[in-house]
Amino acid sequence: AQVMAELTSNPAKAMQRIQSDPALAAAFGQLSGLLGSHFETLGCSAPVAKPPEAKKPPPVSELGLLQERALKGHRQKQASSSGGTGSSSGTSSSAEEDEKVRSILSDDELRGLLMDPEVQKVLVQCGQNPEELRRRMADPVWRARLGKLAQAGLIQFQA
């Protein structure tokens, strides 16, 4: 019993004591084997724990800041055009815009960038603070992301 108590308070000293006494060493070896077998049996009979599931992306219904603004602007534009003059130039412009939107959304990388809440947050910050844009453009990852959006005509850089 003393050796067991000593294992918790001073394991190195307890091991020296166990190794110096052959009878104690044999008993400790048997105990260790018994415990090892017991835990091995428990491990085999216990249900296997499933690894935690990867974080799922937010549902499409959860809109980011820019998505909400775009949707609101689109609804306002539709409301104002439905009561407008209905000119044919508005129709061709709308068809051109629809084609451009389809083209952008068919690009998986662009669509991913546009749906990414972090990218949306950075775009808002950069629009409000030119220093933030300079800082982001100094970062190779953000420079590539913003460059892809600019190349697609979704954002513009002004001097």
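**Figure 1. E99 and R102, 3 residues apart in helix α5 (residues 88-105), are separated by about one helical turn.** The model shown is predicted: local features need pLDDT of at least 70 and side-chain atom pairs count only at pLDDT 80 or more, whereas totals for chains, interfaces and linings use all residues. Residues are numbered from 1 along each chain as its sequence is written, and side-chain values use heavy atoms, with hydrogens and water left out. Helices here are DSSP runs of H or I with at least four residues, strands are runs of E with at least two, and both are numbered from the N terminus. E99 and R102 form a salt bridge, their closest N and O atoms lying 3.8 Å apart; the term denotes a side-chain nitrogen of Lys or Arg within 4 Å of a carboxyl oxygen of Asp or Glu. By this rule, the count is 9 salt bridges. Side chains of opposite charge can pair when their charged atoms come close. E99 is partly exposed, at 45% relative accessibility, while R102 is exposed, with a relative accessible area of 52%. These classes are set with a 1.4 Å probe and protein chains only: buried is under 20% relative accessible area, exposed is over 50%, and partly exposed lies in between.

**Figure 2. In helix α8 (residues 130-138), which holds R136, E132 forms salt bridges with R135 and with R136.** The N to O distance is 3.0 Å for E132 and R135, and the closest N and O atoms of R136 and E132 are 2.7 Å apart. E132 and R135 are separated by about one helical turn because they lie 3 residues apart in α8. R136 and E132 are 4 residues apart in this helix, about one turn. Both R136 and E132 are buried. A network of salt bridges that share partners also joins E6, K13 and R17. The relative accessibility is 12% for E132 and 14% for R136. Which residues does R136 contact, leaving aside its neighbours within four places in sequence? They are V122, Q125, C126, W142, R143 and L146, where contact means heavy atoms within 4.5 Å.

**Figure 3. Helices α1 (residues 2-9) and α2 (residues 11-20) pack at an angle of about 145°, with their axes 6 Å apart.** The axes are lines fitted to C-alpha atoms, for helices over the stretch in contact, and angles between N-to-C directions run from 0 to 180 degrees. On the α1 side the contact involves Q2, V3, E6, L7 and S9, which meet P11, K13, A14, M15, R17 and I18 of α2. By residue class, this contact comprises 6 nonpolar, 2 polar and 3 charged residues. Here Ala, Val, Leu, Ile, Met, Phe, Trp, Tyr, Cys and Pro count as nonpolar, Asp, Glu, Lys and Arg as charged, and the others, Gly among them, as polar.

**Figure 4. M4, L31, L34, L35, F39 and L42 make up a nonpolar patch on the surface.** Together these residues have about 570 Å² of accessible area, computed by the Shrake-Rupley method with a 1.4 Å probe, only the protein chains shown counting as cover for residues. Patches consist of residues with over 30% relative accessible area and no salt bridge, with like charges joined within 9 Å and nonpolar side chains (Val, Leu, Ile, Met, Phe, Trp, Tyr) within 5 Å. Helix α3 (residues 22-45) gives the most to the nonpolar patch, with 5 residues. L31 is located in α3 and counts as partly exposed at 31% relative accessibility.

**Figure 5. A150 lies in helix α9 (residues 140-151).** Leaving aside neighbours within four places in sequence, A150 is in contact with I155 and F157. A150 counts as partly exposed, because its relative accessibility is 24%.

**Figure 6. The protein chain as a whole has 9 helices and 0 strands.** Its pattern along the sequence is α-α-α-α-α-α-α-α-α. Of the 159 residues of the chain, 13% count as buried. Among contacts between residues at least 6 apart in sequence, 42% join residues at least 24 apart. The accessible surface of the chain is about 12,500 Å², of which carbon and sulfur atoms account for 58%.
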